[in-house]
Amino acid sequence: MKRCRPLLGTFVEIESDLGPAIDLAFAAVERVQALMSGHNPDSELSQINRCAHRHPVAVSPWTLEVIECSLDWSRASDGRFDIVRAGRMALVCGGLPRHDDQPLPAEADWTAVQVRDGAVTLARPACLDLGGIAKGFAVDRAIAALRTAGAAGGIVNAGGDLRCFGDCAWPISVVDPANRRPLVSIDLVDAALATSAGLWGHDLSLSFNHLPGRDVRWSSVTVRANSACDADALTKIVWAGASEASDLLRQHGAEAFAIRADGRVESIGGEAVAA
Amino acid sequence: MDRSSSWYALAPVALVCAAAPAHATQYLSIAQAQRLLFPAASGFVEHSLTFTPAQRKAIARASGAAPSKAQPLWEARGPSGRQGWLFVDRVLGKHELITYALALDPSGAVRGIEILDYRETYGGEIRNPRWRQQFVGKRYGAALQLDRDIKNISGATLSSRHVADGVRRLLATYALLVARR
């Protein structure tokens with residue numbers, strides 16, 4: 001059975017052999033949205049953005065995990081992946097609203113975030129944006145829910161951030177962000193995939209074009225990794241053209257390719273594949 | 001191909017050269033959506049709505065969008081009476097035509113949303129009412145050139161904003177025409 005709900009600002013598709021497991025998987029995605037959406041003024045994320053510069057804000061384990069994961073990626077990518085700078089950009093571009101009592105962000109980066117004893121503090125007013133990793137995390141939690149419920153296999157796809165499990169291969173089409181023409185076919189087995197496209201694709205949550213060093217010939221980057229969270233974060237790091245990108249891909253057992261504006265597909269770190 | 005590209009392949013030429021790329025997915029029928037959103041209901045009573053010009057204006061003012069000519073609506077009923085309401089609605093994005101079901105509990109709060117079907121085309125047909133007419137009351141897929149090989153997609157920026165706008169319009173419709181029933 002394949003079902004679809006509007007969640008996380010996009011469409012989340014869940015397919016599995018076990019129907020009742022799909023409800024549990026959607027519930028996991030809805031929980032991530034409730035905790036981490038910047039659009040929801042009552043989310044834990046919005047509470048952090050409102051007060052964590054004044055006092056520690058206690059948050060639930062999932063929110064903690066995503067923030068700690070984000071900080072690990074910031075360390076590993078020498079700041080290319082940065083939920084603080086992403087949040088500032090999102091506010092400026094109108095990708096995220098500034099809620100009542102939420103201060104204007106100061107000049108800051110990921111080092112302003114402190115996590116201790118289950119609570120988050122900000123060294124100065126900042127707006128965190130978890131959009132670069134929360135979708136992947138939600139997909140991973142949904143897959144875990146399917147597994148726990150006893151499903152033999154399934155796929156969860158949150159607007160292109162996806163992961164599958166089980167014995168069979170799932171056919172994936174990676175499309176050109178400009179016109180949605182399918183350019184790459186993948187038979188995915190027990191793995192995750194994420195694709196990030198540039199700002200001109202009108203997806204304001206992917207506002208990381210402020211990052212230096214990106215290859216301007218690329219219109220999107222696709223990463224295959226073991227978890228959707230890894231794939232999600234790595235697309236941003238690869239897109240930024242970080243010199244650590246190839247090493248990070250290798251360390252995490254991940255691979256990537258880019259779709260160029262001219263429609264050609266090139267392996268990241270490998271050779272161009274003729275279109 | 002070198003080893004690093006062995007995990008993916010360029011899409012078959014037939015797909016890449018499709019004259020006007022399109023795909024469609026049918027997730028649920030109305031009956032399936034009813035059962036999923038109201039698992040304890042014993043039946044659904046149809047109460048489809050039509051609107052006077054004044055009502056259309058009021059809904060547009062409250063939500064930013066006017067309703068279509070007729071609004072499919074069902075009341076979910078169970079052993080102890082009304083369990084809630086189910087709207088079936090259609091929204092038009094730039095290249096997408098989406099049918100979805102919205103379930104409300106008896107107080108009008110949102111209980112759930114399920115997408116029924118999703119159709120997409122880059123050929124411009126979406127904006128043509130005569131092209132859309134082929135889907136009214138028919139099984140999907142009839143007389144439509146579809147890329148059936150496109151299943152799980154990555155790389156398209158998909159926003160559910162149009163569905164959120166539709167839900168806002170339906171909640172205004174509920175408040176104006178259904179809440180007092």
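Visitor: Which residue of chain B does A:I172 stand opposite, and in which strand?
Guide: In this predicted model, the place to look is strand β8 of chain A, residues 170-175. Three bridges join this strand to β10(B), and the two run parallel. The residue opposite A:I172, in β10(B), is B:N152.

Visitor: Which three residues supply more of the area that chain B buries against chain A than any other three?
Guide: Chain B and chain A bury about 4000 Å² between them, with 55% of it on carbon and sulfur atoms. Of the area that chain B buries against chain A, 21% comes from one set of three residues. These residues are B:W7, B:N152 and B:S154.

Visitor: How many residues of chain A are in contact with chain B?
Guide: The contact can be counted from either chain. On the side of chain B, 39 residues take part. On the side of chain A, the number is 48.

Visitor: What is the N to O distance in the salt bridge of B:E96 and A:R180?
Guide: The rule finds four salt bridges across the interface of chain B and chain A. A nitrogen of Lys or Arg must lie within 4 Å of a carboxyl oxygen of Asp or Glu for a pair to count. The side chains of B:E96 and A:R180 meet in such a bridge, at 3.3 Å.

Visitor: Which element gives the most residues to the side of chain B that touches chain A?
Guide: Between the two chains, 21 residue pairs are in polar contact, with both residues at pLDDT 80 or more. The elements of chain B that give two or more residues to this side include α2 (30-37), β8 (96-104) and β9 (110-121). By class, the side has 25 nonpolar, nine polar and five charged residues. With five residues, the element that gives the most is β9(B).

Visitor: What share of the residues in chain B is buried?
Guide: Chain B comes to five helices and ten strands. Among its contacts with a separation of 6 or more, 60% are between residues 24 or more positions apart. Of the 181 residues in chain B, the buried share is 48%.

Visitor: Is A:Q102 buried or exposed?
Guide: A:Q102 lies in the loop between α4 (83-93) and β4 (113-116) of chain A. Beyond its neighbours within four places in sequence, A:Q102 is in contact with A:N49, A:R50, A:L91, A:P97 and A:C127. The relative accessible area of A:Q102 is 4%. The cut-off is under 20%, so A:Q102 counts as buried.

Note on methods. Residues numbered from 1 in each chain as written. Chains lettered and ligands numbered in written order. Predicted model: local features only at pLDDT ≥ 70, side-chain atom pairs only at ≥ 80, totals over all residues. Heavy atoms only, no water. Contact = heavy atoms within 4.5 Å. Buried area = accessible area lost by both parts, 1.4 Å probe. Polar contact = N/O pair within 3.5 Å; in protein donor to acceptor, adjacent residues only side chain to side chain. Helix = DSSP H or I, 4+ residues; strand = E, 2+ residues; numbered from the N terminus. Nonpolar A, V, L, I, M, F, W, Y, C, P; charged D, E, K, R; others polar. Pairing = 2+ DSSP bridges. Buried < 20%, exposed > 50% of the residue type's maximum accessible area, 1.4 Å probe, protein only.
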